[in-house]
Amino acid sequence: VELNTGNYPNLDPSAPSNTSNVNGTVQDAKNNAQSAMDSVANHPVTQNVKDTINNGPVAQNIKDEAGKTQSEFSNLASARKTPDQKAATGQELTHYHSMFYSLLSWENPRATAVSFVTTILCIFAARYVPVLRYAFKAVAAAEVAGKAVLNKGLVSQMRPKKYYVIPRESLEAMLEDVEQLINFFVIEFQRILFAENVYATIAAFTVTLISYFLVKFVPKWGLALIGTSVLYLAPLIYLQNREAIDAQLRNIGNIVNQQTAQVKDMAAQTSSRAAETVKATAHQYTEKAQEMMGHAKQRAASPSAPNPGNMNPMKNEPEREVHRDDIKNMASSESAPNPGNVNPFKNEPEREFSNSDFPSAPKQEPLNAHSTFDQSTYGQTNYDQAEMGRAEPQFQ
């Protein structure tokens, strides 16, 4: 039985193949395409178009703008130096302070505009374009198509002989730049937090307050877009309308100062009135207290009967000193006749005492020390004893 093997591919690697024919066909196609392109490029019409594009006014304007843009980027890069101005604490600022000030103040308008547009495009690309997915998809498609058509991968043909690495010096310089950038944000946050610049603190408060309400219905990429637009366009609007904005700011400052002065005057008047009211009230209460103390002293100093010598030791009053003249007067008054049985100290007749005027003798044994007693009886007994001590002996 004979097998027809003409329809099967020859898998023997040593057998002759048709690869040379295929390669020759591809090379012929390349040569034909190259010749066609050369003929088109050398055509007079094409040369005229090239001259118009390269040497025309549009091309010249594009070249001029490109040169100016490159120059402004060079100026922006040279602005990265430590500023002479220091923070309120005496610390030196980073070179990113100078660079960002030059960038956001539109000193180099083309460089600032290019950075603004690039940032906006990056935000939209991150939101709507999956860059990494498309990049890997393109690499894979190019490699597979090259292997299928040319038996050689397109991406693998671009592979370098040695993979790139970051030198240690470049990495250290990059880390130093990253450190300066991080310190820039840290220092600026503290300067805003501790109100080194009041206007910057107020602006930060306003932005955070607005962001608190916007975050409820605006996505993150929208907030990033709004923040970037405000960051770039607010200084530009201020620079374009500096005189009008400064005039309005001065008016607002004057109004705030006037209102503050009025509030201070009202507070001073209110405090003075309150102080006067408190002083008057305290004076009234002091007078009342002194008057009450005077009445109490008068009641204590004027007993029910006159006591000219102030000799009664039972009163809660300071006793005066007894002199020799007082003793002589008392002796003379006792030696003088006393008609009517009159008490010489009280100028009134003395009453006779009876047994009812004295307390009765106790008939029971006294109670022990821990027993209670009647305070009213004890007080009455003291009172009777005081009366008894006050009584004078009768003169016969």
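A charge sits over a ring if NZ of Lys or CZ of Arg is within 6 Å of the ring centre and within 35 degrees of the ring normal. With that in mind, select Arg-127 and Tyr-128: the charged end of the arginine is over the tyrosine ring, 4.9 Å from its centre. Then jump to Lys-288, which lies over the face of Tyr-285 at 5.7 Å from the ring centre.

A word on ground rules. This is a predicted model, where local features need pLDDT of at least 70 and side-chain atom pairs count only at pLDDT 80 or more, while totals for chains, interfaces and linings use all residues. Residues are numbered from 1 along each chain as its sequence is written, and side-chain values use heavy atoms, with hydrogens and water left out.

Next, the aromatics. Rings of Phe, Tyr and Trp (its six-membered ring) pair if their centres lie within 6.5 Å; planes under 30 degrees apart are stacked, over 60 edge-to-face, and the rest tilted. The whole structure has 8 such pairs. Pick out Phe-100 and Phe-184, a stacked pair at 5.0 Å centre to centre with 25 degrees between the planes. They join distant parts of the chain, 84 residues apart: Phe-100 is in helix 4 (residues 95–104) and Phe-184 in helix 8 (residues 168–193). Helices here are DSSP runs (H or I, at least four residues), numbered from the N terminus.

Phe-184 also makes an edge-to-face pair with Phe-185, at 5.1 Å and 70 degrees.

Now show the surface and find the largest pocket, about 2,500 Å³. Among its 46 lining residues, Leu-104, Ala-200, Ala-203, Leu-231 and Pro-235 are the closest to its centre. (On a 1 Å grid over the protein atoms alone, a pocket is an open set of points where a 1.4 Å probe fits, with protein on both sides within 12 Å along at least five of seven lines; lining residues have an atom within 4 Å of a point. The volume is the space filled by probe spheres set on the points.) Colour helices 4, 8, 9 (198–214), 10 (220–240) and 11 (242–301): each gives the lining at least two residues.

Last stop: UniProt's unreviewed entry lists residues 198–215 and 221–239 as "transmembrane region", though such annotations may be inferred rather than shown by experiment. Residues 221–239 are 100% helix, with end C-alpha atoms 28 Å apart.
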